[in-house]
Amino acid sequence: MNCTIITEGELVSSPYLILFKSLSLIPFFHYLFFLFLAILLFLYLFLEIHFPRSDPVSLTFNPNSDLCKFIVSKCRLLHGRYFPTIWLSSPHLQTAFLSLFGNSPPFSYNRNLFQATDGGTIALDWLMHSDVVEGISQVVNGSTPGNDRTPIAIVVPGLTSDSTAAYIKHLAFRLAKDGWNVVVSNHRGLGGISLTSDCVYNAGWTEDLRKVIDHIHSQFPEAPLFAVGTSIGANVLVKYLGEDGTDTPLVGATAVCSPWDLLICDRFINRKLVQKLYDRVFTVGLQGYAQLHQTVISRIADWEGIKKSRSVREFDNYATRLVAKFETTDSYYRHSSSAQFVGNVAVPLLCISALDDPVCTKEAIPWDECRGNKNIVLATTTHGGHLAYYEGITATSMWWARAVQEYFEVLLSSPYANRKQKTQIIPEPLESSIDQGPYIVETGEDGMVAAAAASEVETTRANADEENKAPTENTSYHLHKDNNSQGYNSLIGPLMNRVDQLSRYSRKSVWLLAYIAIVTTWPLLGPALLLSIKKRFRRLIKY
């Protein structure tokens with residue numbers, strides 16, 4: 001009988017040979033199929049691909065606000081649905097397509113240079129209604145007639161963006177075509193303009209926007225002024241509105257994809273790999289901006305630190321923080337965040353944010369603050385990316401640009417467009433949403449302390465203001481009432497409100513304390529209780 005001798009090397013490698021031969025028996029198209037599934041899984045997890053569908057727009061506003069109710073009832077897009085482009089069913093695909101392609105309409109601006117008091121230069125790029133409809137180029141300067149009543153939209157771009165950005169051109173062309181004059185207020189050093197002073201823009205610098213708005217208002221005193229802020233520009237716009245309150249010539253404003261809280265967004269953008277890619281892209285853009293103005297920035301910032309920066313936070317630490325004179329980067333983020341100024345906004349404001357925004361996270365959205373202000377409508381969508389919101393099969397339209405246009409048109413034709421009849425709600429400035437609970441502690445006259453939700457406190461204050469106004473308007477009616485009845489109501493009313501408030505906010509706390517008491521004492525009382533029950537059960541059996 002013949003015997004085959006297997007050497008030790010063949011014995012060791014034989015399992016791999018067997019495995020290789022087994023794999024070679026699998027048809028090749030099966031491997032292609034598994035590869036295709038792996039690619040789909042990668043795209044689904046990394047690029048966050050979703051099934052294309054139309055999701056309703058979620059609205060957050062104060063239910064006691066007549067302004068918000070009017071706006072919501074008239075704006076068809078706000079109580080409709082957003083259906084993204086089918087082949088851009090991902091926040092990253094939407095954002096990348098905006099940056100790489102854009103599909104922006106072709107046109108040219110007319111430039112007007114504005115000189116700031118510190119010597120800085122700001123480029124104001126105008127797109128007039130006549131430029132789009134009639135093709136007539138009109139240069140805007142100091143000799144422009146002041147009786148022009150054509151509404152003006154002031155656009156504030158995002159980080160390292162200027163008037164040539166695709167999303168800015170989409171919005172400018174749509175508004176100009178619809179009868180508006182549009183002016184893009186470029187940040188210092190952008191739009192092809194050199195830095196002519198040591199002042200550089202940042203996420204919390206509102207002085208330039210304030211001067212530009214006043215300058216345009218002085219040129220066109222009869223024209224209704226509106227403003228649109230995008231990304232960092234939205235943060236600057238909301239902060240400006242909160243700082244100035246009613247002392248602004250603006251009729252209305254819109255904040256699109258605002259970061260709201262820079263500290264939260266900084267932590268978010270360093271959380272995952274895909275977010276770190278965005279962080280790196282923004283850092284390269286900031287370094288390019290610094291490179292363009294090296295002669296100025298190298299004198300007022302740490303140039304070596306700027307060159308070796310690998311994140312936006314590092315760039316802000318070596319450049320923005322030093323120029324703006326902040327001790328730490330976190331203090332710069334906290335001071336510049338617009339979320340703490342939302343409560344002071346005194347003009348109609350529409351805020352648009354996508355919950356899948358890969359840059360400005362939904363975690364930073366000040367939901368309660370927006371709900372507590374009677375001038376704000378917050379519109380959120382499930383999808384949309386960062387400043388993209390492409391719709392249609394050809395991705396030539398942006399949903400948020402249409403929503404801004406419709407909102408401005410509704411507001412312009414409404415009775416709330418009168419700039420001299422704004423209602424102002426001025427609560428105390430809020431701190432940053434970092435390390436802040438969702439409750440406000442109120443101390444009554446009797447020394448009792450009650451924790452109330454911030455949104456309900458704002459609504460209560462607004463209702464209290466309205467109630468305080470009622471007696472002055474109906475004085476003749478109250479004169480016929482008995483003084484004793486007034487004294488009784490004035491005493492019992494606040495008492496009943498306080499009792500109702502305590503019962504409403506402590507109901508859950510009582511049950512929670514009861515649950516904690518049972519859980520913590522069960523190891524001691526449980527065995528004793530079971531022993532007592534067993535003894536009584538045995539006595540019943542004996543009888």
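Helices are DSSP runs of H or I with at least four residues, strands are E runs of at least two, and both are numbered from the N terminus. The model is predicted: local features need pLDDT of at least 70, side-chain atom pairs count only at pLDDT 80 or more, and totals for chains, interfaces and linings use all residues. Residues are numbered from 1 along each chain as its sequence is written, and side-chain values use heavy atoms, with hydrogens and water left out.

**Figure 1. The whole chain.** The chain holds 19 helices and 15 strands. Of its 543 residues, 47% count as buried. Buried means under 20% relative accessible area, exposed means over 50%, and partly exposed lies in between (1.4 Å probe, protein chains only). The chain exposes about 29,100 Å², and carbon and sulfur atoms supply 60% of that area. Accessible areas come from the Shrake-Rupley method with a 1.4 Å probe; for residues, only the protein chains shown count as cover. A contact means heavy atoms within 4.5 Å. Among contacts with a separation of 6 or more, 77% are between residues 24 or more positions apart.

**Figure 2. A nonpolar patch on the surface.** Patches are made of residues with over 30% relative accessible area and no salt bridge; like charges are joined within 9 Å, and nonpolar side chains (Val, Leu, Ile, Met, Phe, Trp, Tyr) within 5 Å. Here the members are Leu19, Leu23, Ile26, Phe28, Phe29, Tyr31, Leu32, Leu35 and Ile39. Together they have about 890 Å² of accessible area. Two elements, α1 (8–24) and α2 (28–46), each give two or more residues to the patch. Helix α2 gives the most, with 6 residues. Tyrosine 31 sits in α2. Tyrosine 31 counts as partly exposed because its relative accessibility is 36%.

Figure 3. Rolling a probe the size of a water molecule over the atoms shows where empty space is left. The search runs on a 1 Å grid over the protein atoms alone, and a cavity is a set of points where a 1.4 Å probe fits but cannot get out. Lining residues have an atom within 4 Å of a point. Grid points are joined across faces, edges and corners, and a volume is the space filled by probe spheres set on the points. The structure holds 5 cavities of 30 Å³ or more.

**Figure 4. Arginine 188 and aspartate 118.** A salt bridge is a side-chain nitrogen of Lys or Arg within 4 Å of a carboxyl oxygen of Asp or Glu. By this rule the count comes to 16. In one of them, the side chains of arginine 188 and aspartate 118 meet at 2.8 Å, N to O. Arginine 188 lies in the loop between β7 (181–185) and α7 (207–219), and aspartate 118 in the loop between β4 (110–115) and β5 (121–127), so the bridge ties together parts 70 residues apart in sequence. Arginine 188 is buried, at 3% relative accessible area. Aspartate 118 is partly exposed, at 37%.

Figure 5. Aspartate 368 pairs with arginine 371, and their closest N and O atoms are 2.8 Å apart. Both lie in helix α15 (residues 367–372). They are 3 residues apart, about one turn of the helix. Aspartate 368 is partly exposed, with 27% relative accessible area. Arginine 371 is partly exposed too, at 29%.

**Figure 6. A strand joined to a helix.** The side chains of glutamate 391 and arginine 402 form a salt bridge of 2.6 Å, N to O. Glutamate 391 lies in strand β12 (residues 390–391) and arginine 402 in helix α16 (residues 399–412), so the pair ties together parts 11 residues apart in sequence. Glutamate 391 is buried, at 12% relative accessible area. Arginine 402 is partly exposed, at 23%.

**Figure 7. A network of salt bridges.** Glu207, Arg210, Lys211, Lys239, Glu243 and Asp244 are linked by salt bridges into a network.

**Figure 8. Two residues with positive phi.** Threonine 160 is not a glycine, yet its phi is positive, about 55 degrees. Threonine 160 lies in the loop between β6 (152–156) and α6 (166–177). Its relative accessible area is 29%, so threonine 160 is partly exposed. Serine 231, a residue other than glycine, has a positive phi near 55 degrees. Serine 231 is in the loop between β8 (225–230) and α8 (232–244). With a relative accessible area of 8%, serine 231 is buried.

Note on methods: On a 1 Å grid over the protein atoms alone, a cavity is a set of points where a 1.4 Å probe fits but cannot get out, and a pocket is an open set with protein on both sides within 12 Å along at least five of seven lines; lining residues have an atom within 4 Å of a point.
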